[in-house]
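Work through the exercises below with the sequence and the model in view. Each task is followed by a worked solution.

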Amino acid sequence: MNNLDLYAKGPQALCDQGVKEIPEAYIQPQHERPNSGKPVHGENLPLIDLSRLNGDGRNQVIEELRYACESWGLFHLVNHGFPQSSMDAMMEVGRHFFELPVDEKMRFFGTKASSETRYGVVNFNSDDNRVLEWRDFLFQPCHPLSDEIISTWPDVPLHYREIALEYCKNARALAVRLLALLSESLGLRDSFLNEAFKGHDQLMLINHYPPCPQPDLALGLTGHTDANGLTILQHDDVPGLEVLKDGSWCAVSSIPNALVINLGDQMQILSNGRYKSIEHRAVVNSDKTRFSIATFCGPSYDAIIAPAAELIKQHPTQSAEYREVVYGEYLGQAYARGLEGKFYINSVKIQK
Ligand SMILES: O=C(O)CCC(=O)C(=O)O
Ligand SMILES: [Fe+2]
């Protein structure tokens, strides 16, 4: 099958053709289909306001952060210092990328599940029988960067690379700041998590979910936890993100100018299970396109990630809950396995 045939099977092409029924390959088994995700009201889902860090509010913010990470693994973040102009520009140039003619987008087409720049239409390889997801995406490495890596990024639309470069730098600055705050919230020295991550690795994924004629049968993104350390998610105002909380899927609203931060598996390991990587997914709808930009911040590939000794001492059994992992290997195996709930993090849990 050539690339254009593959594109023709992708959700955007199907949407453009005006199909009324989605192909079988996109139909989720009954138990995976989106039910009407019980909405989480704003007051339940934690919202962290970083403007309160200066002065008297500081201890309270750290306390709220601890609560959010222990009970949710996800929170809205406002007054985060990420320039709005950079967020808006990235969303716009990302949108324009997906509007490009097929041949332009297909110049970046790739199927290999790796950290290389690629535009993906259908997310499985031939020996994988998974149900397809109703999205296409653009994936790119963002840190560490070199001219060679930047030269793999899309060179269209105009200014894509400079806008993306600025965005990646802003995301990295926020990640470094958040890791210091998360260290503090765990009672560790400020530099702990940033040091544990060594030089850091950062990837960006732009998800594009076209309207789907049968949204009750499909998913934009299967339920999964992020394999990295923490994810900075910017999404537009079209609903779609859901989190699994106490066994039910709950819709996460979009708050203007806010970012969604969710913890990945490495935070669960480093915190010896005190903080959780949260299972989440994206549902689709029948009339609106939805976009999200996920920045995955994680350790360097050669970093060895293990529960922090200080936190093991505080654990009821005073023992490690997870075995140590080399981050690059963990990520490689998580990619190979594909999205599957908490399967991969559970596989490195020490059986007692
Ligand atoms: O589109 C979303 O809201 C979720 C994206 C996501 O979870 C991911 O890219 O890992
Ligand atoms: Fe995710």
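**Exercise 1.** How many residues surround ligand 1, and which are the closest?

*Solution.* The model is a predicted one. Around ligand 1 there are 13 residues. The closest are N207, Y209, H280, R290 and S292. Sorted by class, this shell holds 7 nonpolar, 4 polar and 2 charged residues.

**Exercise 2.** Find the side chains of D226, H280 and R290 that have polar atoms beside an oxygen atom of ligand 1, and state how much of the ligand is buried.

*Solution.* Take the side chains in turn, with 3.5 Å as the cut-off for a polar contact.
- R290: a side-chain N or O atom is 2.8 Å from an oxygen atom of ligand 1.
- H280: a polar side-chain atom lies 2.9 Å from a ligand oxygen.
- D226: the distance from a side-chain N or O atom to a ligand oxygen is 3.4 Å.

Next, the area: ligand 1 alone exposes 290 Å², and the protein buries 97% of that.

Then look at which elements build the shell. Two or more residues each come from β6 (201-209), β7 (221-224) and β13 (290-298). The largest share, 4 residues, belongs to β13.

**Exercise 3.** Which protein atoms are the donors of the iron ion (ligand 2), and how are their residues spaced in sequence?

*Solution.* The donors are H224 (NE2), D226 (OD) and H280 (NE2), at 2.1 to 2.2 Å from the iron ion. In sequence the spacing reads H-x1-D-x53-H. D226 and H280 link distant parts of the chain, being 54 residues apart. D226 sits in the loop between β7 and β8 (230-235), while H280 belongs to strand β12 (residues 280-282). Both D226 and H280 are buried.

Technical notes. Residues are numbered from 1 along each chain as its sequence is written. Chains are lettered from A and ligands numbered from 1 in the order in which they are written. This is a predicted model: local features need pLDDT of at least 70, side-chain atom pairs count only at pLDDT 80 or more; totals for chains, interfaces and linings use all residues. Side-chain values use heavy atoms; hydrogens and water are left out. A residue is near a molecule or strand if one of its heavy atoms lies within 4 Å of it. A polar contact is a pair of N or O atoms within 3.5 Å; within protein, one must be able to donate a hydrogen and the other to accept it, and residues adjacent in sequence count only if both atoms are side-chain atoms. Accessible areas come from the Shrake-Rupley method with a 1.4 Å probe; for residues, only the protein chains shown count as cover. Ala, Val, Leu, Ile, Met, Phe, Trp, Tyr, Cys and Pro count as nonpolar, Asp, Glu, Lys and Arg as charged, and the others, Gly among them, as polar. Donors are N, O and S atoms within 2.8 Å of the metal (3.2 Å for Na, K and Ca); water is not among the atoms, so sites may look incomplete. Buried means under 20% relative accessible area, exposed over 50%, partly exposed in between (1.4 Å probe, protein chains only).
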